[in-house]
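Dear colleague,

I am passing on the structure we spoke about, followed by some notes on the side-chain pairs in it. Please read the notes with the coordinates open.

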Amino acid sequence: MRRTTLLALLLLLAAALAVPATGAVAQPSGAATATAVASAGADFDNDGFADLAVGVPGENDFAGAVSVLYGSGGGLTGTGAQVFTGVGGGAIVGSFGSAVAAGDFDNDGFADLAVGASSRRVGGAEGAGSVGVLYGSGGGLTTAGGQLFTQVGGADEQGDRFGVSLAAGDFDNDGFADLAAGASGENVSARPGAGAVSIIRGSPSGLTATGGQLFTQVGGAVEAGDAFGAAVAAGDIDEDGFADLAVGAPGEGVGGSPGAGAVSVLYGSGGGLTATGGQLFTQVGGAVEGGDVFGSALATGDFNSDGAADLAVGAPFEDVGTAELAGAVSVLYSSGGALSTAGGRLFTQVAGTVEARDLFGLALGSGDLNDDGFDDLLAGAPWEGVGSAFLAGAVSVIRGSGSGLTTAGGQLITQVGGLVESDDQFGAEVSSGDFDNDGIADLAAGAPAEDVGSAFNAGAVSGGGRLFTQNSPGVPGTAEAFDSFGGNAFNAG
């Protein structure tokens, strides 16, 4: 069986858990790890159509790039598409595009884009990582005014992996989106790979390090190999007008279960995020077991339409019965002004067979795909076999309802706009956006191991029922081996 690594995905979890530390767990060979999560408002040219930024972290021998596809009345199109390899005078080398997040950081009505380059060398520190920022305009994203940030509130050190995960949210409710950037390899005191998250503030001139914050794990002990910051997601969980932040620590040991995983929640306030009232959750709806890596992927959405954001948490290495690494997703609902385990549920793959090594829940997103007022959950299973096509990949849609997520009406979606083939790994990234502005969210999903002609693992993205590669009309660039186009696809609007 051909089991290729999604090389250009940066393998955030593998990198984080590779830190030599007690309780670290190993990834199965070739596992890809999703890093991008959906966040609202990715209309870079403010024309009413959601746009899609696509990470290409393997471009140019893993220097990296980001492609941007624009929405239109007919949905996503290659017309006017852009490619960026940096934010200003030169390329950013270090898997640029390994994570992406959009938000209006300067509150000018145009969504802006933050791009992680988490393997970038900073000074003499290999793999310290950085984040580039591109600003929106009437002509779309532009390098004019582009910014480059390294870790805020802490030193740039080897293997920090700053920018390995990104999320945008207005944590202080001042009208300017702020940026959360994970550094899952950060050493905290003498604890290697404990992990941290930096907060970079929005302002009239864009993101600024002034007033930046650094958080380590809340609600639990800071331990080596926790990989806190491996995943982040923003949403207003307590419905107070301030965005809140969920942070995954998939390497967290729980009791005697190494690598069981956990999620911390930090709440927003007038002064920004605060550890006051912070919460720590382990897997709900199922047993806490070693190696589940709960917290590897996160997504927020209002699944029961009560006005407060709920949280979905992936545990892609969860064993389901005798099916090893089948994967599962836990859902925590907002209740009483905070997340609660009350009513929490565990989902395994819907509308398909639960099988070993599907890695269900490796990527998560949300959006109202049927316009019923309830957000639906998108869960990638990139190693799902489809017929005789092994590792073809699939995406499950779990429907929202008045009582929360339900398997009723669930769908299993395989690659659209192209052939379903072995080793495409469709669903390694998932997101949504209203690309044709018809009031209904559309699905976007990456297949970063898709072969394009003879270009092995060049990658592809399905969006709004169409398939895009770097060889698609209008899309700049050329499909090349190991580009992993679609390794980090982002949008929601």
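Let me start with Asp 172, which counts as buried because its relative accessibility is 13% (buried means under 20% relative accessible area, exposed over 50%, and partly exposed in between, with a 1.4 Å probe and protein chains only). Before going further, please note that this is a predicted model, in which local features need pLDDT of at least 70 and side-chain atom pairs count only at pLDDT 80 or more, while totals for chains, interfaces and linings use all residues. Residues are numbered from 1 along each chain as its sequence is written, and side-chain values use heavy atoms, with hydrogens and water left out.

Asp 172 forms a salt bridge with Arg 201, the closest N and O atoms being 3.3 Å apart (a salt bridge is a side-chain nitrogen of Lys or Arg within 4 Å of a carboxyl oxygen of Asp or Glu). This pair links distant parts of the chain, 29 residues apart, with Arg 201 in strand E10 and Asp 172 in the loop between strand E8 (162-169) and strand E9 (178-183); helices (H or I, at least four residues) and strands (E, at least two) are DSSP runs, numbered from the N terminus. Arg 201 is itself buried, at 13% relative accessible area, and a polar atom of its side chain lies 2.8 Å from the backbone oxygen of Gly 271. Leaving aside residues up to four places away in sequence, Arg 201 touches a set of residues including Asp 178, Thr 208, Gln 213 and Gly 272, where contact means heavy atoms within 4.5 Å.

The whole structure holds three salt bridges. One of them joins the side chains of Asp 376 and Arg 399 at 3.3 Å, N to O; Asp 376 lies in strand E21 (residues 376-381) and Arg 399 in strand E22 (residues 394-399), so the pair ties together parts that are 23 residues apart in sequence. Asp 376 is buried at 0% relative accessibility, and Arg 399 is buried at 14%. Another joins Arg 121 to Glu 126, with the closest N and O atoms 3.2 Å apart; here Arg 121 is partly exposed at 47%, and Glu 126 is partly exposed at 41%.

Finally, the count of aromatic pairs comes to one (rings of Phe, Tyr and Trp, the last by its six-membered ring, pair if their centres lie within 6.5 Å, and planes under 30 degrees apart count as stacked, over 60 as edge-to-face and the rest as tilted). The rings of Phe 456 and Phe 482 have centres 5.3 Å apart and planes at 85°, so the pair is edge-to-face.

Technical notes: A polar contact is a pair of N or O atoms within 3.5 Å; within protein, one must be able to donate a hydrogen and the other to accept it, and residues adjacent in sequence count only if both atoms are side-chain atoms.
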